[in-house]
Amino acid sequence: MEFLAGFAHGFEVALTPLNLGLAVFGAFAGTLVGALPGLGPANGVAILVPLAFTLGLPPESALILLAAVYYGAMYGGRISSIMLNIPGDEPAVMTLLEGNPMARQGKAGAALAISAVSSFIGATLATIGLSFLAPLLVKFAILFGPAEYFILFVLAFSLIGTLTGKNVAKTFIASVLGLMLATIGLDPATNVPRYTFGQMKLFEGLDPIIAIVGLFAISEVLVFLETSRAGGQVKFKVERTYATFKELWFCTGAMLRGSVIGFICGVLPGAGASLGSFASYTLEKRYSDRGTFGKGDERGLAAPEAGNNSAAGGALVPMLALGVPGSGTTAVLLALLISLNITPGPLLFTERPEVAWGLIASLYMANIVLLVLNLPLVNIFVRLLTVPTYILMPTVTLICFLGVYAISHSVFDIFMMVGVGVFGYLLRKVHIPLVPVILGVLLGHHMEVNLRRALSLSSGDWGILFGSNLAITLWVLVFLSLTLPFLIRAIRRRPGGGKGEV
Amino acid sequence: MTDRITGMLILLLAIAYTVAGSRFESDFLTDPLGPTAFPVMLGTALGLFSLYLLFRPDPEPEWPGVRSWRRQGMTLTALIIYGLVLEFVGFIISSMVLVGFLSQMLGADRRFMIGTGIGASVLLYFLFNNLLGLPLPAGEIFGG
């Protein structure tokens with residue numbers, strides 16, 4: 001069976017000392033990044049991307065390192081939610097609702113342990129789902145021609161627009177701004193310079209890595225200068241670092257439900273972990289709340305933790321199989337792949353099996369490492385939470401500069417990064433989300449190339465965009481993704497239609 | 001008001017982008033769409049979305065005070081100066097000053113400012129330049 005052969009090959013790759021070491025280091029660094037308030041998974045991976053790139057690691061090793069950071073950050077976010085009542089990253093907001101009340105009741109250790117086990121269950125189930133679903137999706141993806149790929153990109157952007165963010169128009173503006181940034185440089189087909197303002201440096205286009213570090217990390221520094229939060233104060237003692245069998249048994253149902261919901265949310269392009277944890281918590285509350293939620297119910301802690309970790313794994317499915325990332329962080333991973341001259345998508349599994357299967361196998365390993373790090377060693381992370389901002393942020397900034405400079409040894413890149421950072425800061429201030437911008441920068445080139453290829457095939461007839469059953473199905477999905485959320489909202493607003501916001 | 005101004009700026013950007021996009025010319029015909037079609041599509045879409053901001057703006061966001069603006073301005077100046085002098089004075093010295101400055105901006109006292117500056121720049125230099133073999137500028141004034 002090709003599936004088992006792929007798996008075996010994957011573990012061969014993942015178990016080499018270098019890759020195993022990178023997975024352990026990545027898991028540790030990721031948990032730390034996730035735990036520190038203000039640094040989310042996307043930032044964490046973004047900071048390390050230039051390094052992974054310039055260290056000259058083989059593609060599969062670079063990807064293993066960053067995927068371990070990614071999984072680790074999803075584990076780490078809960079630590080500051082529980083201990084500081086500040087979410088370590090966006091998906092960990094839901095963890096706070098039950099986790100912090102538990103800590104206040106003197107059950108901080110139990111909360112940390114339950115959420116660590118939930119994270120492990122969610123992430124492991126998602127990795128199993130990924131191993132089966134991605135190769136299946138690949139078989140399906142062979143049916144995609146240029147026209148279908150173009151519509152798939154349209155679908156990804158319409159899903160991002162309606163699933164995330166509060167203001168749909170602003171999310172679409174963000175996507176288009178990203179796509180526009182991607183048109184800077186020489187036109188791929190005719191070599192006409194576009195939007196380069198005569199600058200030779202811009203002929204190669206905007207390096208997605210510079211865009212990512214600027215948008216996420218530099219804008220974060222500017223935001224920090226506004227608030228200048230001091231380091232958090234840990235008030236709770238961690239009395240034990242394990243969960244009793246009874247506690248875990250009580251939460252088993254919540255973990256499984258959370259994992260399934262999270263995985264589905266993750267697979268949808270553009271939705272990602274925040275939606276995963278939000279949906280898991282909301283549904284768990286509907287399902288098992290007897291007036292205990294909001295006061296430290298273990299199930300309300302287990303469900304979103306399983307959900308956000310499961311969504312993180314689910315988001316890798318469309319990224320690996322179709323080349324369309326499911327979330328902001330997988331978009332950053334996609335940027336790394338593109339910079340390493342690897343095209344994700346259906347051919348990845350056949351042409352570069354060591355990358356695809358090596359990554360999947362290393363995710364299983366990373367999960368085990370993370371469970372060990374997050375159960376007995378959780379006290380290390382709790383202590384690191386108190387590192388003051390004024391040590392942390394300057395060091396992070398320096399690592400960004402170092403990484404970006406090292407890519408091309410060009411000061412011009414540093415200026416570009418600072419410029420993009422200011423742009424990102426302004427977008428954040430007017431509540432235009434950054435993730436769609438990054439997706440636009442990453443996918444713009446492919447979107448345009450596929451559209452032009454499709455129209456070349458049809459000698460300019462736009463009908464090719466509706467020329468196959470698959471294309472029409474995809475358009476129907478685009479239409480549904482644009483209209484359904486509004487319909488649901490309208491139904492909910494009707495008196496008695498729903499319980500309103502959580 | 002903020003959203004209206006943003007919408008206006010984005011609309012202007014969309015118009016400029018579309019006009020510039022429609023003027024690209026290639027000497028030979030490679031595909032039916034050519035280099036102009038995709039940019040024109042994007043510019044038009046952006047223009048339409050910007051109208052939404054103009055007519056249905058969100059409530060006013062919170063803008064930071066003058067003090068924040070000043071600190072952010074000074075920080076950006078420092079980042080640009082860093083880029084200008086990096087290759088001349090070398091990684092260690094320029095990073096030491098930058099990190100010290102940033103940590104002071106974020107509220108460190110003198111002890112921590114000097115400690116973080118020296119610690120971060122020296123540690124990272126040796127980690128990357130010596131251990132990981134990623135060459136960083138030693139500085140032209142030192143003959144590097």
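Three salt bridges are found across the interface of chain A and chain B in this predicted model. In one of them, the side chains of A:Lys170 and B:Asp58 meet with 2.9 Å from N to O.

**The interface between the chains**

- Contact involves 60 residues of chain A and 65 residues of chain B.
- About 5,600 Å² is buried between chain A and chain B, and 80% of that area is on carbon and sulfur atoms.

**Chain A's side of the interface**

- On chain A, the elements that each give two or more residues to the side touching chain B are α3 (41-54), α8 (168-182), β2 (193-194), α9 (208-227), α18 (389-408), α19 (411-429) and α20 (435-457).
- Among these contributors, α18(A) has the largest share, with 13 residues.
- By class, this side of chain A has 39 nonpolar, 14 polar and seven charged residues.

**The second largest pocket**

- Two or more lining residues come from each of α2 (17-35), α3 and α18 of chain A, and from α5 (110-131) of chain B.
- α5(B) gives the most to this lining, namely seven residues.
- The lining of this pocket is made up of 27 nonpolar and four polar residues, with no charged ones.

How values were computed. Residues are numbered from 1 along each chain as its sequence is written. Chains are lettered from A and ligands numbered from 1 in the order in which they are written. This is a predicted model: local features need pLDDT of at least 70, side-chain atom pairs count only at pLDDT 80 or more; totals for chains, interfaces and linings use all residues. Side-chain values use heavy atoms; hydrogens and water are left out. Contact means heavy atoms within 4.5 Å. Buried area is the accessible area (1.4 Å probe) that two parts lose on being put together, summed over both. A salt bridge is a side-chain nitrogen of Lys or Arg within 4 Å of a carboxyl oxygen of Asp or Glu. Helices (H or I, at least four residues) and strands (E, at least two) are DSSP runs, numbered from the N terminus. Ala, Val, Leu, Ile, Met, Phe, Trp, Tyr, Cys and Pro count as nonpolar, Asp, Glu, Lys and Arg as charged, and the others, Gly among them, as polar.
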